[in-house]
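The structure comes next, and the text follows it.

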Amino acid sequence: MKTLHMNKIMAIAQIKTKAFMGKNCIIMPLFALGFTLMMRFLYGNMRSGSASPEFLNGYALSMGLVMNIGMCGIYCTSLLLAEEKEKNTLRVLMTSSVNGLEYVIGCILPVFAATVILNYVLMPISGYLITGKNLVFFSIVTVLSSLISCIIGMLLGIFAKNQVSAGTITTPVLLILMMVPIFSGFVDILEKASGLLFTGILMDMIMDIVSGKSRILHGGSIVVLAVEAVLAVGLFVVFYRKNGFEKD
C-alpha cells in the first residue's frame, strides 16, 4: 500500500488547476453553462400545451448535466494529461518522488471538483431546482458519474500523444455517452443502451424526478453505476501500468 502525501497531491492539484483555467479547458464548463441556458430558453419558446414549463426546464437540466460531465469531466481530464505528455513533463513527475496514485488523485481533483460544483450550478441556470430527498439521490448519482467521467478521461489521455489527438480520441466516446441518452426517447434500441450508460442513468433519474415518480433510482441502475466505476478504475490501472507510467 503506497503512502499518500497530501502536500504532493495538493501541489499537483494546484498545477492542474492553473492548467484547467487555461483557454483550452475553461471553455468547456462555460460551454455547459451556455448550453443549458440556451436549452432553457429554446424549450421555453417552443412550449406546447402537453409539456409544462417545469418539465421542459427539468429536461434542459438533464441535458446540461450530461454535457457537463462529458465535456468537463472526460474531455478536460484527457486534455490535461495529453498536455503533460506533449510537454514532456509527465515522465519527470513519474521519475520523481511522486508515486502514481498521488499523481492520479492530484490530476483528477480539480476537474472533478469543478464538474461536481457545476452540476449544482446548472440547477438555477436551467430553472429547475431539486430539493429534499431527491437532492440526496441527485448528489450521489452526479458525484459518482463525475468521478467515472474523470477516470475515463484519464484512461483516454493515456492513449493520446498530444492535445490534438486527445480531441480525436475522446470525440467518439463523448458522442456515445452524450447522444445516446439525449436521443433515447426516439429510438427503442438507444433507450435500452442508455440504461447501460452512467450518463443515461443520470438523465433518466432527472426525468423521473421531474415526473414526480416515487422511485427515481432502481437497483439495476445502482449496479450499473458501480460496475462502470470499478471497470473504469480497473482499465485505467491496467493501461496506466502497461504504458510505463507506474514505476513501482
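## Salt bridges

The count of salt bridges comes to 2, where a salt bridge is a side-chain nitrogen of Lys or Arg within 4 Å of a carboxyl oxygen of Asp or Glu. The model is a predicted one, in which local features need pLDDT of at least 70 and side-chain atom pairs count only at pLDDT 80 or more, while totals for chains, interfaces and linings use all residues. Residues are numbered from 1 along each chain as its sequence is written, and side-chain values use heavy atoms, with hydrogens and water left out.

Side chains of opposite charge can pair when their charged atoms come close. The table lists the pairs.

| Pair | Closest N to O distance |
|---|---|
| E84 and K16 | 3.6 Å |

E84 and K16 form a salt bridge that links distant parts of the chain, with E84 in helix α3 (residues 53-86) and K16 in helix α1 (residues 6-20), 68 residues apart. Helices here are DSSP runs (H or I, at least four residues) and strands likewise (E, at least two), numbered from the N terminus. E84 is buried, at 10% relative accessible area, and K16 is buried at 2%. Buried means under 20% relative accessible area, exposed over 50%, and partly exposed in between, with a 1.4 Å probe and protein chains only. In the other pair, K213 is partly exposed at 48%, whereas D208 is buried at 12%.

What is the length of α3 in residues, and what span does it reach? The helix has 34 residues and reaches 47 Å from its first C-alpha to its last, close to the expected 50 Å. The expected span is 1.5 Å times one less than the number of residues. At Y75, α3 bends by about 25°, the bend being the angle between axes fitted to the seven residues ending there and the seven starting there. Of its 34 residues, 30 are buried, so α3 is largely enclosed by the rest of the structure.

S165 is found in helix α7 (residues 163-182). This residue is buried, at 18% relative accessibility, and its side chain reaches the backbone oxygen of N162 at 2.9 Å.

## Aromatic pairs

The model has 3 aromatic pairs, counted where ring centres of Phe, Tyr or Trp (its six-membered ring) lie within 6.5 Å; planes under 30 degrees apart are stacked, over 60 edge-to-face, and the rest tilted. One of them is F31 with F35, a stacked pair at 6.3 Å centre to centre and 25° between the planes. Both residues lie in helix α2 (residues 23-45), 4 residues apart, about one turn of the helix. F31 is partly exposed at 41%, but F35 is buried at 12%.

Y120 and F138 form an edge-to-face pair, 5.5 Å centre to centre with 70° between the planes. Y120 lies in helix α5 (residues 100-126) and F138 in helix α6 (residues 133-159), so the pair ties together parts that are 18 residues apart in sequence. Y120 is partly exposed at 29%, and F138 is buried at 0%.

## Annotated spans

An unreviewed UniProt entry places the feature "transmembrane region" at several spans, including residues 103-123 and 135-159. UniProt positions follow the numbering used here, feature names are shortened, and annotations may be inferred rather than shown by experiment. In the model, residues 103-123 are 100% helix and 0% strand, with end C-alpha atoms 32 Å apart. Residues 135-159 are also 100% helix and 0% strand, and their end C-alpha atoms lie 36 Å apart.

Definitions and conventions: A polar contact is a pair of N or O atoms within 3.5 Å; within protein, one must be able to donate a hydrogen and the other to accept it, and residues adjacent in sequence count only if both atoms are side-chain atoms.
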